[in-house]
Amino acid sequence: MTTTIPTPLATTTGGPDAAFTLTGVTKTYRQKKRTVEALRGVDLVIPRGQLVAVQGPTGGGKSTLLQMLGALDRPTSGSVKLGAQELATASDGALARARATEIGFVFQGFNLIPTLSAAENVETAFADSSLPRDARRTRVAAALESVGLAERAEHLPSELSGGQQQRVAIARALVKEPRVLLADEPTGALDEVTRDEIMTLLEGVWRERGLTLVIVTHDSAVARRAERRLYIKAGQVSER
Ligand SMILES: Nc1ncnc2c1ncn2[C@@H]1O[C@H](COP(=O)(O)OP(=O)(O)OP(=O)(O)O)[C@@H](O)[C@H]1O
Ligand SMILES: [Mg+2]
């Protein structure tokens, strides 16, 4: 019997079967005379279905990397491929479509609209969608159910705990069934017990839906739960 030696993740080849393939990615911000090189030559392949944690010092480039992955911004140079699609040179419309159909976002501050109920907040994900109202409502209810908040659909954010608010944000990110979920310090505003609950929820949806999940975190307890840990310092990425 022969034993197969697993390929190290760092050397996995990119291409259409990878969730992301980044080659020589730089991002330079210019403000008046000052320039900041937020990313400096990032080469990175993230296979489909991987759970990746991204750590590193403040200002290291973590959120900038997430913005490149999430089609929120384009690199200054280099290539960012989402599956087979090149994002670096895509039009604004193409980036918006990629965000609308393939990518879900979760942020540290939940980013819920305070005057809307939990269900209405989740429904904002369909703002630009042609899905009929009844179908939206059904999907919203299912998404809230999947994060354990069916009973809280009519609550305003101010009537929910921090952990519950983050669950609403996760439901909003998932309701359009993206293949990729990007989370920027999703547990940064939560206590340890709630942090662990949110991580368990994220791991559950990652596993059930076969998502590619990238979590930026300052918290080693969160990063330890990932399959792969990346470290970004001064705009350069290394494996941990
Ligand atoms: N829109 C922008 N304009 C100018 N500079 C920016 C912009 N966004 C980020 N930067 C700079 O790029 C660098 C990387 O920022 P980034 O937000 O990616 O860091 P980070 O690793 O997410 O940090 P933190 O842990 O504090 O969130 C920093 O020096 C930051 O000041
Ligand atoms: Mg950041």
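User: Let me start with a detail: is Arg179 buried, partly exposed or exposed?

Analyst: Arg179 counts as partly exposed, because its relative accessibility is 44%; buried means under 20% relative accessible area, exposed over 50%, and partly exposed in between (1.4 Å probe, protein chains only). Accessible areas come from the Shrake-Rupley method with a 1.4 Å probe, and for residues only the protein chains shown count as cover. Before we go on, please keep in mind that this is a predicted model, in which local features need pLDDT of at least 70, side-chain atom pairs count only at pLDDT 80 or more, and totals for chains, interfaces and linings use all residues. Residues are numbered from 1 along each chain as its sequence is written, chains are lettered from A and ligands numbered from 1 in the order in which they are written, and side-chain values use heavy atoms, with hydrogens and water left out.

User: OK. Which residue does Arg179 form a salt bridge with?

Analyst: The partner of Arg179 is Glu102, and the closest N and O atoms of the two are 2.6 Å apart; a salt bridge here is a side-chain nitrogen of Lys or Arg within 4 Å of a carboxyl oxygen of Asp or Glu. The two residues come from distant parts of the chain, 77 residues apart, with Arg179 in the loop between α5 (162-174) and β7 (180-184) and Glu102 in helix α2. Helices (H or I, at least four residues) and strands (E, at least two) are DSSP runs, numbered from the N terminus. Glu102 counts as buried, at 18% relative accessibility.

User: How many salt bridges are there by that rule?

Analyst: The count comes to 10. One of them joins Arg74 and Asp92, whose closest N and O atoms are 2.5 Å apart. That pair also links distant parts of the chain, since Arg74 sits in the loop between α1 and β4 (77-82) and Asp92 in helix α2 (residues 92-102), 18 residues apart. Arg74 is partly exposed at 25% relative accessible area, whereas Asp92 is exposed at 55%.

User: And what about Arg167, which residue is its salt-bridge partner?

Analyst: Arg167 pairs with Glu197, with 4.0 Å between the closest N and O atoms. Arg167 belongs to helix α5 and Glu197 to helix α6 (residues 192-209), so this pair ties together parts that are 30 residues apart in sequence. Arg167 is buried, with a relative accessible area of 17%, and Glu197 is partly exposed at 40%. Elsewhere, salt bridges that share partners join Arg195, Asp196, Glu203, Asp219 and Arg225 into one network.

User: Switching to the ligand, which residues are closest to ligand 1?

Analyst: Thr58, Gly59, Lys62, Ser63 and Thr64 are the closest of the 14 residues that surround ligand 1, where a residue is near a molecule if one of its heavy atoms lies within 4 Å of it. Oxygen atoms of ligand 1 lie 2.8 Å from a backbone N or O atom of Gly59, 3.2 Å from a backbone N or O atom of Gly60 and 2.6 Å from a side-chain N or O atom of Thr64. On its own ligand 1 has 640 Å² of accessible area, and the protein covers 66% of that.

User: Which element gives the largest share of that shell?

Analyst: The largest share, 3 residues, comes from α1. The elements that give two or more residues are β1 (18-31), β2 (34-47) and α1 (62-69).

User: Last topic, the backbone: what is phi of Phe110 near?

Analyst: Phi of Phe110 is near 70°, a positive value in a residue other than glycine. Phe110 is in the loop between β6 (103-107) and α3 (118-123), and at 10% relative accessibility Phe110 counts as buried. Glu177 also has a positive phi, near 55°, but Glu177 is exposed, with a relative accessible area of 54%.

Key:
A polar contact is a pair of N or O atoms within 3.5 Å; within protein, one must be able to donate a hydrogen and the other to accept it, and residues adjacent in sequence count only if both atoms are side-chain atoms.
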